[in-house]
Amino acid sequence: MDHLKEYVDRAGRVYERYRDYVRRNPSSAAQLESTVRTLSYLLAGRFADSHELSELVYSASNLLVLFNDSILRKGLRCSLPESLSQQKLLTWLSVLEYVEVFLEVGACRLWGEAGRWVVITLIHIIKAVFRLVLLLWYRRGIQTSPPIVPLDREAQCVSEEQAAGQEDEEDCFVGQRSGRVVRVLGQGSSLQARLWGAAPPPQRSRRRRRRSAEEEMNVKPTPLGLQETLAESVYISRPLVHLLCLGLCGKQSWKPWLVSGVLELSSLAMLSDTRFERRWERAEMKRRTFLLLYYLLRSPFYDTYSQEKILLLLRILSDNIPGIGLVARPLMEYLPTWQKIYFYSWG
């Protein structure tokens with residue numbers, strides 16, 4: 001028992017040090033997240049189990065972003081505007097979205113196709129239930145993906161920038177009419193240490209960006225009427241309807257593809273006249289519209305029509321445009337694998 005308490009205390013001290021490090025060095029934390037994500041790309045296709053390991057590392061990078069963002073929100077005292085129960089639902093939804101591809105790939109590895117489809121169905125049921133509770137019970141509005149939008153680290157003007165900004169303000173003169181910030185001559189750096197590049201943006205503009213970001217994050221979503229709520233319910237239920245059609249009609253049938261497309265277009269049509277007041281809501285609507293292009297990559301349309309044309313286009317680009325082959329050739333190799341993963345093409 002004493003050993004367990006010692007391990008818990010040690011883990012708590014490690015967490016406290018890491019939390020302080022992230023708050024003091026958010027840019028370094030962002031570099032760590034990018035490094036882990038880049039590692040997932042480098043691992044893909046390197047050895048026998050590299051695909052599963054690559055997905056695990058990629059999921060870990062997204063979970064690291066979620067974890068670091070929660071630390072920064074607490075440090076900035078700009079927590080999510082929802083209640084604690086809503087925040088828990090949003091957090092679990094975000095975790096599910098970040099690990100769903102890894103769970104699908106892992107389930108297929110361990111239990112075969114049957115286990116893969118069981119895991120896919122369970123994840124979609126849980127996600128649909130959580131989203132419908134947020135929509136109908138908590139009046140959350142339209143659902144974003146990921147449910148918790150990552151922080152804009154630059155706009156948040158983190159702690160060390162705030163401290164530096166306060167020191168700079170004390171050593172600067174601000175014009176009353178122009179608002180221009182001018183450094184006091186006595187506080188300038190030496191000639192040898194001076195940098196002659198473009199000056200960084202004033203702290204005043206950074207604070208404005210931070211305030212606007214906080215206001216955007218802390219306001220409630222646009223309330224939805226009956227038609228908009230029905231449209232969002234249709235959008236949330238679309239994956240379950242698609243899975244049901246797949247089970248009834250088979251993977252090669254056009255009915256699941258058509259039914260899913262009709263539901264998605266109907267939802268977008270009913271929401272098209274809604275004037276969303278929040279920037280993240282408008283961004284989500286643009287994302288949903290763009291994702292309609294995924295129907296070109298979804299079976300059976302992809303197998304029948306678009307596969308040969310897309311591969312031919314990528315081959316022409318890689319052969320005739322210098323530098324494009326560095327991206328196009330790996331994409332041609334990975335596209336068949338990507339297309340077979342349900343949460344990539346239909347998620």
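Two exercises with worked solutions follow, on a predicted model.

Residues are numbered from 1 along each chain as its sequence is written. Local features need pLDDT of at least 70, side-chain atom pairs count only at pLDDT 80 or more, and totals for chains, interfaces and linings use all residues, while side-chain values use heavy atoms, without hydrogens and water.

**Exercise 1.** Determine what span helix 4 has between its end C-alpha atoms, and where its kink is centred.

*Solution.* 
1. Helices are DSSP runs of H or I with at least four residues, numbered from the N terminus; helix 4 covers residues 84-137.
2. Arg-139, with a positive phi near 55°, follows helix 4.

**Exercise 2.** Decide whether His-242 is buried or exposed, and list which residues it touches beyond four places away in sequence.

*Solution.* 
1. His-242 is found in helix 7, which runs over residues 226-249.
2. Buried means under 20% relative accessible area, exposed over 50%, and partly exposed in between (1.4 Å probe, protein chains only).
3. His-242 is buried because its relative accessibility is 2%.
4. With contact meaning heavy atoms within 4.5 Å, and residues up to four places away not counted, His-242 touches Pro-256, Ser-260, Tyr-342 and Trp-346.

Definitions and conventions: Helices (H or I, at least four residues) and strands (E, at least two) are DSSP runs, numbered from the N terminus. The expected span of a helix is 1.5 Å times one less than its number of residues. The bend at a residue is the angle between axes fitted to the seven residues ending there and the seven starting there.
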